[in-house]
Amino acid sequence: MRRQWRAFLCAGIVSLSSVSGQAAYETVEETLIRQNINVSEWLDSVADGLDLFLAGERYTTRPNKTAVTLENSGYYTEADGVSGAFNFNIDLRLPNVEEYWQLTFTSYDENEERDAKTKYLRTEPRERNYGASLSLFKRMGEIRTSFQPRITFEGTPAISHSLKFETIIEQKKYRINPHLEFYATPGKGAGIFEALNFNWPLSAMYSLTLINEGDYQSRPHVFTATNGLSLGQSFTKSRSLSYAIFVTSSNRPNYQLAGYNFSVTWRHILLKRILDYDVIPNLDFVRERNFAVNPGLTVNVNLHF
């Protein structure tokens with residue numbers, strides 16, 4: 001992890017030193033913003049050129065929204081020690097070719113991160129899984145539907161599939177987010193994921209989210225249920241805290257408590273749509289360790305282009 005952090009810092013130093021003449025009249029923040037704009041414009045021009053090459057001519061004036069995210073993460077738990085990981089996500093948009101689909105290249109499988117505990121809290125590096133996915137989107141009334149085949153480039157090529165149905169029901173005092181997904185992967189076989197989450201805005205600063213999720217995997221014949229509460233506290237548009245508790249149950253060896261976790265997440269957007277980070281201290285209790293406390297800390301730094 002130290003090597004990754006050093007590489008990240010060295011890249012920033014080299015980037016800043018390359019524009020030292022102009023940076024003398026700029027703050028560090030202004031330099032980072034200008035450099036980010038330059039890289040983003042270059043990525044958009046490359047994507048636009050590929051778009052026109054594949055389409056043959058320009059059919060739309062919609063702007064190209066290709067996005068790249070670089071994520072550097074560090075993890076610590078008392079039981080496993082320190083580890084780190086670097087991941088990327090390239091969301092390639094081709095407005096002249098696409099109508100309802102988009103192509104994404106990632107170093108991990110996004111569909112493996114469907115559950116709330118993984119979204120809110122990650123205590124170990126993502127499984128390395130380079131691949132590309134072709135997402136097709138369609139709205140059926142208020143229901144957002146997506147079909148996503150993904151090919152993996154690690155070792156022997158393999159294909160997984162995901163079919164999702166999701167909507168948001170807005171009411172005056174609360175919001176409901178039903179989610180249903182059918183998926184199939186080479187390692188876990190076919191599966192079904194369902195979620196019914198509720199959100200209540202309590203005030204201008206606080207909001208409460210009730211999480212209810214279930215995931216069934218056919219090959220290992222495992223059903224996992226996750227229930228949780230998350231209290232969000234917003235200080236400004238760029239700074240927030242969330243306090244969460246998750247309780248996980250599993251049917252192996254029989255349906256019973258598998259673990260629970262307490263966490264606090266500090267999120268800070270340093271530069272909007274450019275640089276942000278998360279700091280997540282947590283306490284984990286799992287059945288495999290006889291529910292002994294396992295303190296941990298996760299730090300994520302995200303750079304967006």
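In the predicted model, His-221 is partly exposed, its relative accessible area being 43%. This residue sits in the loop that connects strand S10 (206–217) with strand S11 (222–234), and its phi is near 55 degrees, which is a positive value in a residue other than glycine. A positive phi of about 60 degrees also occurs at Asn-290, although Asn-290 is not a glycine. The loop between strand S14 (275–286) and strand S15 (294–304) holds Asn-290, and with a relative accessible area of 69% this asparagine is classed as exposed, since the class begins at over 50%. A further backbone feature is found at Pro-253, where the peptide bond from Arg-252 is cis, with omega near 0 degrees. Pro-253 likewise belongs to a loop, namely the one between strand S12 (239–250) and strand S13 (256–271).

Charged pairs were examined next. Side chains of opposite charge can pair when their charged atoms come close. A search of the whole structure finds four salt bridges. One of these is formed by Asp-80 and Arg-289, whose closest N and O atoms are 3.5 Å apart. Because Asp-80 lies in the loop between S1 and strand S2 (81–92), whereas Arg-289 lies in the loop between S14 and S15, this pair ties together parts that are 209 residues apart in sequence. Asp-80 counts as exposed at 57% relative accessibility, while Arg-289, with a relative accessible area of 37%, is partly exposed. The loop between S14 and S15 that carries Arg-289 is also the location of Asn-290, the residue with the positive phi of about 60 degrees described above.

Another salt bridge joins the side chains of Glu-170 and Arg-175, with an N to O distance of 3.8 Å. Glu-170 is exposed, having a relative accessible area of 53%, and Arg-175 is partly exposed, with a value of 35%.

The side chains of Arg-267 and Asp-278 also meet in a salt bridge, for which the N to O distance is 2.8 Å. Arg-267 is placed in strand S13 and Asp-278 in strand S14, so that this pair ties together parts that are eleven residues apart in sequence. Arg-267 is partly exposed, with a relative accessible area of 32%, whereas Asp-278 is buried, with a relative accessible area of 10%. Through salt bridges that share partners, Arg-267, Asp-276 and Asp-278 are joined into one network.

Definitions and conventions
Residues numbered from 1 in each chain as written. Predicted model: local features only at pLDDT ≥ 70, side-chain atom pairs only at ≥ 80, totals over all residues. Heavy atoms only, no water. Helix = DSSP H or I, 4+ residues; strand = E, 2+ residues; numbered from the N terminus. Buried < 20%, exposed > 50% of the residue type's maximum accessible area, 1.4 Å probe, protein only.
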